Amino acid sequence: MNVSEALKAASRFGQGEPVVEAFGTGLINHSFFVTYPNGKKLLLQRLNKTTFSQPENIINNYVTITEHLDAFGGYHLPRLESTTKGKHFWVDESDHFWRATAFVENSYAETVASSSTAAFRAAKCFASFSASLRQLDPEKLDIIIPHFHDLDYRYNQFEETIKKAGINRLLKATHVIASLREHYSLVEFYNSVISDPVNYPVRIMHHDCKISNILFDKTTGEVICPVDLDTVMPGRFFSDIGDLIRTMACSRDENSTEWEHIAIVQDYYQSIIDGYVEGSELTLTRAELDNIHMPGKMLIYMQCLRFVTDFLNNDVYYKTTYPEQNLNRALNQLLLLERC
């Protein structure tokens, strides 16, 4: 995108001529590091309105969460900056939605877990974040992406897409389609969770749990706080721990085609389980603890469904660099599922 757009947005959140630099490698939002003449530093972002159709709800949720943590204790999150007009966001003439938060000094983020200890810390961080919000009514938060981790919905999308898909892509995906149908018991387990709010209560979950969404202190190496809270909303216990297992306990990432090397790294897996249980501070129910090994399977299965569905839809959602990439991503996740 044009940096001049970011400069114009940055001028709304501070005084003087700002210096703007592209920041990070995120795939959804456009991010910039901004420095003002008075030394103030911000992380400026243009939210992707294709992904987030009501970005004001993200701002509302962030305010609700930070106010709750200020009152009841928990992680100190980066302050949401106000514009010179006193708003927490700015919409430009092209209807682009901008927000800014304080830049956290002396911090860093890892792209992959460097050790099982790092995996433990990451899992504990996300669990502690959710536990610190246990006194906040989930209904006070807006749903940012409807059906985001709704496994029944994702499975039905998959089946409906099969009915409309072209024959060439259907033939290429035959094995993956058959295997996903064989694992339908995971959808049945999901439905049992959703229908049992006593044993599986609605919780406030992060919904995008990966180690790159945690800030660490450069001096001590300790966790500062979770970030990228755009998808924080009501959910169930399986979402965050399942995401952690899918993204950190895998021997290869989701784009790998080294089929024989795709596996669950057991010490990372156990560290994620242990870290998450410890960070949950005894808030998990007996049923959730008894089924603590289900979330990894559920989120891997869900991602496989999403990849093959997009392949059958002619690659309209996930970016690809070659024709069968989404099918290969689905096969990657299917192999990971079978080894989980």
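Me: Hi! In which sense do strand 8 and strand 9 pair, and over how many bridges?
Reply: Hello! This is a predicted model, and in it strand 8 (residues 214-217) pairs with strand 9 in the antiparallel sense, over three bridges.

Me: Which residue in strand 9 stands opposite Ile214?
Reply: That would be Pro226.

Me: And what about the hairpin itself, how many residues lie between the strands?
Reply: There are five residues between strand 8 and strand 9. Gly221 in that hairpin takes a positive phi, near 80°.

Me: Switching to helix 2. How many residues does it have, and how far does it reach?
Reply: Helix 2 covers residues 55-72, so to speak 18 residues in all. From first C-alpha to last it reaches 26 Å, close to the 26 Å expected at 1.5 Å a residue.

Me: Which of its residues are buried?
Reply: In helix 2 the buried ones are Pro55, Asn57, Ile58, Ile59, Asn61, Tyr62, Ile65, Thr66, His68 and Leu69.

Me: What covers them?
Reply: The cover for the buried residues of helix 2 includes strand 3 (41-47), strand 5 (97-102) and helix 3 (116-132).

Me: What follows helix 2?
Reply: Gly73 follows helix 2, and its phi is positive, near 95°.

Me: Which residues other than glycine have a positive phi?
Reply: Among them are His147, with a phi of about 65°, and Leu282, with a phi near 65°. For background, most residues other than glycine have a negative phi.

Me: Where does His147 sit?
Reply: His147 is in the loop between helix 3 and helix 4 (151-164). His147 counts as partly exposed because its relative accessible area is 39%.

Me: And Leu282, buried or exposed?
Reply: Leu282 is exposed, with a relative accessible area of 86%. Its place is in the loop between helix 9 (266-279) and helix 10 (286-290).

Me: OK, helix packing next. At what angle do helix 6 and helix 12 pack?
Reply: Helix 6 (residues 174-182) and helix 12 (residues 325-338) pack at about 40°, and their axes are 10 Å apart. The crossing of helix 6 and helix 12 is left-handed.

Me: Which residues meet there?
Reply: From helix 6, His175, Val176 and Ser179 meet Leu327, Ala330, Leu331, Leu334 and Glu338 of helix 12. By class, this contact of helix 6 with helix 12 has five nonpolar, two polar and one charged residues.

Me: Last one: where is Ser11 found, and what does it contact beyond its sequence neighbours?
Reply: Ser11 is in the loop between helix 1 (3-10) and strand 1 (19-22). Leaving aside neighbours within four places in sequence, Ser11 is in contact with Pro18 and Thr84.

Me: How far is Ser11 from Leu244?
Reply: Ser11 and Leu244 are 37 Å apart in space, C-alpha to C-alpha, and 233 residues apart in sequence.

Definitions and conventions
Residues are numbered from 1 along each chain as its sequence is written. This is a predicted model: local features need pLDDT of at least 70, side-chain atom pairs count only at pLDDT 80 or more; totals for chains, interfaces and linings use all residues. Side-chain values use heavy atoms; hydrogens and water are left out. Helices (H or I, at least four residues) and strands (E, at least two) are DSSP runs, numbered from the N terminus. The expected span of a helix is 1.5 Å times one less than its number of residues. Buried means under 20% relative accessible area, exposed over 50%, partly exposed in between (1.4 Å probe, protein chains only). Contact means heavy atoms within 4.5 Å. Two strands pair if DSSP finds at least two bridges between them. Axes are lines fitted to C-alpha atoms, for helices over the stretch in contact, and angles run from 0 to 180 degrees between N-to-C directions. A crossing is left-handed if the near helix is turned anticlockwise from the far one by less than a right angle, and right-handed if clockwise. Ala, Val, Leu, Ile, Met, Phe, Trp, Tyr, Cys and Pro count as nonpolar, Asp, Glu, Lys and Arg as charged, and the others, Gly among them, as polar.
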